[in-house]
Amino acid sequence: MFYKNIFIYKREIKNILNIYKFFINKVGIKNLYYPFILDINKGKLQKTIGLWNISISLIKYKRGIHMSRIIFILNKLIVKPLNIKYFYNSYKLFEKNLESNDIFIQVSFIYFLRKFSPITNYKTLYNYKLTFLLEKKNLSLNIFIKIIVTINSLCPCSRLISLFNAHNQRTFISFFFIIKKKKIHINNFIKILENQSSSSLWSILKRKDERYVTEFSYKNPKFIEDLIRNICFCFKNKNFFLKIENLESIHNHDVYSLLKKIK
């Protein structure tokens with residue numbers, strides 16, 4: 001009986017070692033809402049709430065990571081306002097305290113800019129969706145930024161075949177790119193994306209503004225193919241992933257276009 005128990009114990013140890021010999025690519029927390037202060041608009045601070053995904057790799061024969069440490073480290077991280085340079089170096093906190101060479105940090109949040117209505121000049125806030133993504137694997141470190149901009153696009157074909165009016169729709173531009181500099185101007189990227197549209201959007205428009213937007217978009221029709229190629233031309237020296245989606249106003253389907261430019 002004594003020897004039988006020893007045999008079972010050895011077998012269990014062997015099974016445990018066989019299970020733990022597998023390397024895990026990512027393990028961590030997901031969909032955590034946590035506030036922080038943003039500093040990407042020339043020193044103008046902005047409070048926002050981020051949706052955080054943070055994970056690390058797990059080496060062989062190590063049972064698990066310290067999940068609670070991730071929250072402790074995040075608490076230290078958000079003490080200072082978050083900008084691109086600070087986010088670029090944020091992996092060091094996790095690397096030191098979680099003992100892993102592979103770090104994955106993603107935060108998505110709403111970013112506000114002040115916009116003036118085109119004619120009446122009313123000042124309002126307009127929201128954009130941004131995502132910062134850091135991926136470190138051993139010595140390789142990459143920072144990605146995703147910008148989602150909402151615009152208006154008017155159909156050239158509809159305008160051509162109609163005696164008056166033309167159908168238009170709300171369009172979502174998702175621009176995902178790699179950054180190599182620790183300091184970039186997000187507002188410039190947003191402006192370039194909006195300038196390729198039939199018309200920008202605003203939070204508030206009075207009648208004079210509505211007339212201007214309607215007439216401006218009518219004079220500036222864009223197919224989705226035109227739109228994505230124009231944006232590509234503006235960023236021809238960058239690596240990026242671009243997706244555009246039209247929420248069609250006269251169809252029961254949406255329209256999308258996808259373009260990748262990676263060297």
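**Entry 1: the second largest pocket.** I began with the second largest pocket and noted a volume of about 290 Å³. I found 15 residues lining the second largest pocket, with Ile-178, Ile-179, Lys-180, Asn-237 and Lys-238 closest to its centre. A pocket is found on a 1 Å grid over the protein atoms alone: an open set of points where a 1.4 Å probe fits, with protein on both sides within 12 Å along at least five of seven lines, and lining residues have an atom within 4 Å of a point. Volume is the space filled by probe spheres set on the points, which are joined across faces, edges and corners.

This is a predicted model, where local features need pLDDT of at least 70, side-chain atom pairs count only at pLDDT 80 or more, and totals for chains, interfaces and linings use all residues. Residues are numbered from 1 along each chain as its sequence is written, and side-chain values use heavy atoms, with hydrogens and water left out.

Which elements supply at least two residues each to this lining? I wrote down β6 (168–179) and α6, and α6 has the largest share, three residues. Helices (H or I, at least four residues) and strands (E, at least two) are DSSP runs, numbered from the N terminus.

**Entry 2: the largest pocket.** Next I turned to the largest pocket, whose volume is about 500 Å³. Its lining has 18 residues, and Leu-113, Arg-114, Lys-115, Tyr-128 and Asn-187 lie nearest the centre. I saw β2 (44–58), β3 and α6 (186–195) each supply at least two lining residues, and α6 gives the most, with six.

**Entry 3: two asparagines.** I looked up Asn-138 and found a positive phi of about 55°, although Asn-138 is not a glycine. Asn-138 sits in the loop between β4 and β5 (140–154). Asn-165 also has a positive phi, about 70°, and is not a glycine either. I placed Asn-165 in the loop between α5 (156–161) and β6. Is Asn-165 buried or exposed? Asn-165 counts as exposed, at 56% relative accessibility (buried is under 20% relative accessible area, exposed over 50%, partly exposed in between, with a 1.4 Å probe and protein chains only).

**Entry 4: a loop residue.** My last stop was Ile-119, in the loop between β3 (103–116) and β4 (123–137). With a relative accessible area of 45%, Ile-119 is partly exposed.
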